[in-house]
Every structure is written in C-alpha cells, then in structure tokens.
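Trainee: I would like to learn how to read a strand and a pocket. Can we work through an example?

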Amino acid sequence: MKMQKNGVLITIIILISINSFCQQQINLSDKFQNKKIKPVNRSISIYGDQMDAIEMNAANSSGIGIIEDVEFEKGIIEIEFLGENNPGKSFIGIAFNIQNDETYEAIYFRPFNFVAKEQIRRDHMVQYIYHPEFTWRKLRKEKTGEFENEITIPPNPDDWFKAILYIKEKIVEVYVNDLSEPVLIVDRLTSTKSGTIGVWTGFGSSGRFRNLILKK
C-alpha cells in the first residue's frame, strides 16, 4: 500500500512538472525593461502605474512589439488586452508566425464594435489576417465572413479582456474571457512557420497588454 501511494505521488509530481515545463508565463513589463521587446512602427512604455502591463502608442501604420527570447509555433496563447470604445481607432491583438517586420499572422479585435448597434459592424468584432498578402480589406472583399466574426457576449470595450488562441497546424481557434465556444475558427493562410510572436495594434491605434501565457 505504501509503495502504491508513493507511485501515485511520483505520478502527480511528474504531471505537475510537465505542466510547468510546457507553460511559460511572460511578464511583458519585465521584457520591456530588459530591452527584450523590439518595437516596429511604434513606441512602447510601461502602462501608467500598472507595472505588469505595457502600452503601444498610436501611429499611422500597423505596429508590432516583437517579443525576443521566446519560441512559440503551436499551442495556446493567453493574453489580456485593453482597447477603447473609439470607432476606427482601436485595433488590438497579437501577431504570431512572424517572418519579418511585415510578414506575419495576427488575431485582433475591434473593441469599438463590441457595443455597435448595426449588425454589419457587430460582424467585425474579431479578425484574422496574414500580412502583407491577406489584409482585412482583401479578406472582407474576397472571402466575406470567413475571417472575422461577431462575439455573442462581447466584453466591455473600455475594460481589460482575455483572449485565448489555440494555434494549430492548419487552424486557429479564438476564445474570449470565459466563453466556452470559440468566437472565431479560421484556416491559416500560410504553411510557412516561425516561432516569433509579438503584441500588435492597427492603423491609428494604441493598445495595452498584460498577462501573456504560452502553453505548448
């Protein structure tokens, strides 16, 4: 009986160790302070007095904060975003499979559409892109409704919300907060792979980010 209990204890310890090994919690403000976030078309700073969060300023282009010393190709990305209810001025998300400063996949949100009354705007709450070939404009025109979607129970556009991305070989699934059903499922538009990821904001948009967790 004692040996059996010891065996169970060892199994539990091994499972805990495996889970810890496969999960990586990243403090973005620490990364920033250690110069391990490379800004592309943006400036990055600590967000106010929140020492666990960073902020990217607005500019007339898409911007990335490429996170260095991190390798991630497939698995789960969890991250919290803070955008704003500012129509046309709040596009916030995360880029992955970054090949260079201009070539990457991304999932992003339009918080100002979280409270939109028009259905046509509500249909555009969450978006997948593959830059530079498949921009949101090209996808909306040529593959209408396939790469963006409504969130049935949207977050408050002026509050922090959590996004959970399941990055698979050929598919990406996106969840928000505690919703049990995905808010977006898309086929990835590239077979090229990279382990580089980064925080992302769109044209004319600032954004705030915290609590990044990677699970491989």
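Predicted model: local features only at pLDDT ≥ 70, side-chain atom pairs only at ≥ 80, totals over all residues.

Trainee: How much space lies in the largest pocket?

Mentor: First the general idea. A probe the size of a water molecule, rolled over the atoms, shows where empty space is left. Here, the largest pocket holds about 330 Å³ of space. It is lined by 17 residues, and F91, Y108, W136, R137 and F203 are the closest to its centre. Two elements each give two or more residues to this lining: strand 9 and helix 4.

Trainee: Which element gives the largest share of the lining?

Mentor: Helix 4 does, with three residues.

Trainee: Now the strand. Which way do the residues of strand 8 point?

Mentor: In a regular strand, side chains alternate between the two faces of the sheet. In strand 8, Y104, A106 and Y108 point one way, while E105, I107 and F109 point the other way.

Trainee: Are the residues of strand 8 buried or exposed?

Mentor: Six of its six residues are buried, so count a residue as buried when its relative accessible area is under 20%. Strand 8 spans residues 104–109.

Trainee: Which strands are joined to strand 8 by bridges?

Mentor: Strand 7, residues 92–96, runs antiparallel to strand 8, with five bridges between them. Strand 9, residues 126–131, is also antiparallel to strand 8, and six bridges join that pair.

Trainee: What are the bridge partners of Y108?

Mentor: Y108 is the partner of G93. In strand 9, Y108 pairs with Q127. Y108 is also among the residues closest to the centre of the largest pocket.

How values were computed. Residues numbered from 1 in each chain as written. Heavy atoms only, no water. Buried < 20%, exposed > 50% of the residue type's maximum accessible area, 1.4 Å probe, protein only. Helix = DSSP H or I, 4+ residues; strand = E, 2+ residues; numbered from the N terminus. Pairing = 2+ DSSP bridges. 1 Å grid on protein atoms, 1.4 Å probe; cavity = no way out; pocket = protein on both sides within 12 Å on 5 of 7 lines; lining within 4 Å. Points joined across faces, edges and corners; volume = space filled by probe spheres on them.
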